[in-house]
Amino acid sequence: MKKTALIMAGGKGERFWPRSRVTLPKQFLSLTDDGKTMIQLTVERIRPLVELEDVYIATNKNYKELVKQQLPGLPEENILCEPVGRNTAPCIGLGAVHVAKKYDDAVMIVLPSDHLIKHNDIFAETFTNACALAEEGENLVTVGITPNYPETGYGYIKYDSAAKNGESYPVQRFVEKPDLETAKSYLADGSYLWNSGMFVWRVSTILDCFKKYMPSTYDGLLKIKEAVGTPQEDTVLEKEFPNLESQSVDYGIMEKAENIYTLAGNFGWDDVGSWLAVGRIKQNDENGNVVNGNVVAVNTKNCVIEGADKLIATVGLRDVVVVDTKDATLITTKENAGEIKQVLAKLRESGRNEYL
C-alpha cells in the first residue's frame, strides 16, 4: 500500500525565544551541529519510507514561503496552510482528506516537525513495522517512547505487556501528564511509554474515526475534500476550517477508539522542548558547556551559551542558559528555562510585539 506522511509544522516554538520568533519558529531553525533545520531533518528521516511527492506539510499560512525555501523539492500543493490553528485533530483531518483525494487509500504517517532522532535506521525500522500493522486492518498505531526517567511533562501510554504481537502491544489507555510520584510508578511498572504524538494508520481508518467520534468535524472535512484541486479550494478551506472543533487527536479520537496499538520507539528521541535540550543534543565541552558563537567562558560549568558575532564573556556561571540575538538576550537558570513564555506574555502586555 502507498505510504504517505503528514508533518505537522504550525507551532510557534515559544520556549526557544529569542531565536524562535513569530516569523521564524523553532521547526525552521537549525539546532544541531549539521546545520540542517528541524523540518529538513524530519523529512530526511522519513524519506526511506515515503516518496517526497507523498510528503505533506501542515503549517500556518504565514510559513508557506519558509517551507518552500527549506524543502525546495516538495510539491507546492503538498503545503497545507491552515487558516487558523485548530489543534492536532483538524490538522490531521486536513492531511487525511488531501491524501484521500489523491489515492483510494494509503498508509499515513503523522509526525511532529520539531523532534530530533539520533538513530534514523532504527526509526525507519520501527515505522516500517508500524506501517505493516496499520495495513493489516482498521488499526490505529502510535509509536511511544520507552521512558528512562520519571518525566512529568509528557502524557503516557499504558499498554498490555502480556499481549505482545510481534513488536506491538494493544493500548489499554492514554493517561495525562502525571505528578512526580505517579511518573515514578509508571517507570517502575514497565508497561508505560511516553506519548510522542507520532501515529500511523490508513487514511480510510482515521476518516472513519472522525465520522464516528467527531462527526461535525468530519462533515467539514468532507466539504474541504470536495474542493481540493478546484478553483474553490482556498475559499472553502477559509470558510470551513475555522469551524472545525479545536481538539487534539488524542482527546478527540485516540482516547475513545478501539484497535489501538503501540510500538516502543528506542531510536534516541528528543522532543526539544526548551533550551535545555541543546545540552542533550549538542557536543558538551570538558566543563559540560554547550557553546556556540564568539564566547569566552571562565570558570563556567553546565551552561548553554548561544551567540553569534558579538563576544559573550561569562565568569563563574553554573547551570545557566544565555542566548544572544541581534535585538534580544535571554539569561535564565536551567531550572527556570521553562518559564520563557512568561517573558513573551509580558512583551505582549506592554505592546512590544517587535520582540516576538
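Two strands pair if DSSP finds at least two bridges between them. Strands here are DSSP runs of E, at least two residues long, and helices are runs of H or I, at least four residues long, both numbered from the N terminus.

Before the details, the ground rules. This is a predicted model, where local features need pLDDT of at least 70, side-chain atom pairs count only at pLDDT 80 or more, and totals for chains, interfaces and linings use all residues. Residues are numbered from 1 along each chain as its sequence is written, and side-chain values use heavy atoms, with hydrogens and water left out.

I'll begin with strand β17, residues 320-324. β17 is antiparallel to β18, residues 329-333, and five bridges join them. V320 has T333 as its bridge partner in β18. Four residues lie between the two strands, which form a hairpin. β17 also pairs with β15, residues 304-306, in the parallel sense, over three bridges. There, E306 is opposite V323 of β17.

How many of the residues of β17 are buried? Five of five, with buried meaning under 20% relative accessible area, 1.4 Å probe, protein chains only. V320, V322 and D324 point one way, V321 and V323 the other.

Now the helices. The axes of α3, residues 88-102, and α6, residues 203-213, come within 10 Å and cross at roughly 130°; axes are lines fitted to C-alpha atoms over the stretch in contact, with angles from 0 to 180 degrees between N-to-C directions. Therefore α3 is oblique to α6, oblique being whatever is left after under 35 degrees (roughly parallel), over 145 (roughly antiparallel) and 65 to 115 (roughly perpendicular). The contact, meaning heavy atoms within 4.5 Å, includes I92 and V99 of α3 and L207 and F210 of α6.

Note on methods
Buried < 20%, exposed > 50% of the residue type's maximum accessible area, 1.4 Å probe, protein only.
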